[in-house]
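Biologist: Hi! Could you walk me through this one? I'm new to reading structures.

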Amino acid sequence: MRVGLLTGGGDCPGLNAVIHAVVKKGIYHYGDEFVGFLEGWRGVLENLTTPLTLEAVDGILDQGGTILRTSRTNVRKIEGGIEKCIANLKANKIDALIAIGGDDTQSVTNALVKAGVPGVGVPKTIDNDLYGTDACFGFDTAVSIATEAIDRLHTTAEAHNRVIVCEVMGRDAGWIALTAGVAGGAHAILVPEKPIDIDHVCKLLKYNHDHGKKYGIVVVAEGAKLPSGGQATVGGKVDSFGHARLGGIAQALAELIEEKTGYETRSVNLGHTQRGGTPTAYDRMLSTRYGLAAIDLVHQGNFGRLVVLRGTEIKDIPLEEAISKNRTVDEHFLEILNGLEPKV
């Protein structure tokens with residue numbers, strides 16, 4: 001078969017490992033030929049392609065980013081976009097398409113499948129919020145990076161008797177904040193799923209201060225709601241999928257905390273450092289398993305599906321189900337935060 005491959009949405013460690021696995025198994029076991037579409041759905045829309053050979057994927061397993069590059073291109077919002085994509089796929093004699101990305105990317109995959117394109121998806125988002133899978137590759141790496149940063153913030157915060165508010169990624173789900181915050185021993189962890197009670201945060205910090213901890217670490221997801229309501233955004237623009245650019249909640253909270261407690265408070269935004277660099281061994285393995293399963297789905301003719309992790313097994317679910325809602329932090333995991341906090 002002649003198989004198309006693309007990476008869409010935000011980049012993350014593990015994308016190249018998926019590409020590596022798909023191409024190697026496809027060529028070694030099925031005799032496939034691969035065409036890479038550059039810059040996500042923009043590449044399909046504008047017919048930007050590159051051949052994906054064994055030589056092209058040699059040595060990319062441990063590389064961050066994506067050799068195919070990426071973009072946030074929503075062809076459904078472009079007049080005639082779906083039709084143009086279909087025409088370019090036919091022009092390249094593509095028998096099947098594998099799209100690697102999160103819910104935005106897979107919403108386009110699903111639209112093309114409904115229009116008759118044989119396609120399958122691979123779940124990618126460091127936010128770990130794609131519904132139907134227990135884990136997305138890239139999440140483990142992002143958490144490892146965030147946890148190391150939080151570990152480092154402890155020492156400088158303690159040295160200066162400061163509170164430091166650390167902002168991590170997480171638009172609609174607080175998985176990074178929760179996991180890195182707990183692993184990094186943060187004194188308060190704030191997620192989009194739970195309204196921020198700034199007075200409670202200040203009470204926690206004061207409790208620690210009164211019991212010998214003269215500093216504090218607060219971890220907050222970028223998409224958490226401000227005490228005044230709404231999310232902290234940068235500028236007024238939204239991307240092609242309707243998402244505002246988030247950022248600044250750590251600084252806003254730092255100012256509130258200092259005002260209410262009198263403690264010197266600083267903010268740190270980890271930003272894109274969480275998405276860069278080489279993937280962890282776990283993410284390399286998960287990406288590889290996803291890639292192998294995706295090319296198998298293609299040859300089984302099981303289109304309109306997304307490969308997912310359930311427990312320790314790789315399964316697949318309908319794309320429609322995967323994009324129906326976000327996988328958010330539920331009460332079971334929020335209880336972890338309650339269990340680690342003093343009663344104030």
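Modeller: Happy to! Let's start with a term: a salt bridge is a side-chain nitrogen of Lys or Arg within 4 Å of a carboxyl oxygen of Asp or Glu. Keep in mind that this is a predicted model.

Biologist: Okay, how many salt bridges does the structure hold?

Modeller: There are 13 salt bridges in the structure. One of them brings together the side chains of Lys114 and Glu320, at 3.1 Å from N to O. This pair links distant parts of the chain, with Lys114 in helix H5 and Glu320 in helix H11, 206 residues apart.

Biologist: Is Lys114 buried or exposed?

Modeller: Lys114 has a relative accessible area of 60%, so it is exposed. The cut-off for exposed is over 50%.

Biologist: Why does Arg162 count as buried?

Modeller: Because its relative accessible area is 16%, and buried means under 20%. Glu264 is partly exposed, with 31%.

Biologist: What about Asp199, what does it pair with?

Modeller: Asp199 forms a salt bridge with Lys260, and their closest N and O atoms are 3.4 Å apart. Asp199 sits in helix H8 and Lys260 in helix H9, 61 residues apart in the chain. Both are partly exposed, Asp199 at 42% and Lys260 at 44%. There is also a network: salt bridges that share partners join Glu39, Arg42 and Arg69.

Biologist: Nice. Switching to strands now: why is E1 largely enclosed by the rest of the structure?

Modeller: Strand E1 covers residues 2-7, and five of those six residues are buried, so the rest of the structure largely encloses it.

Biologist: Which strands is E1 joined to?

Modeller: Strand E2, residues 33-37, is joined to E1 by four bridges, and the two run parallel. In that pairing, Gly4 stands opposite Val35. To get from E1 to E2, the chain crosses through helix H1, residues 15-30, in a right-handed β-α-β crossover. Strand E4, residues 96-101, also runs parallel to E1, with five bridges between them.

Biologist: What stands opposite Leu6 in E4?

Modeller: Ala99 does. Have a look for that pair in the viewer!

Key
Residues numbered from 1 in each chain as written. Predicted model: local features only at pLDDT ≥ 70, side-chain atom pairs only at ≥ 80, totals over all residues. Heavy atoms only, no water. Buried < 20%, exposed > 50% of the residue type's maximum accessible area, 1.4 Å probe, protein only. Pairing = 2+ DSSP bridges. Right-handed = clockwise from strand over helix to strand, strands pointing away.
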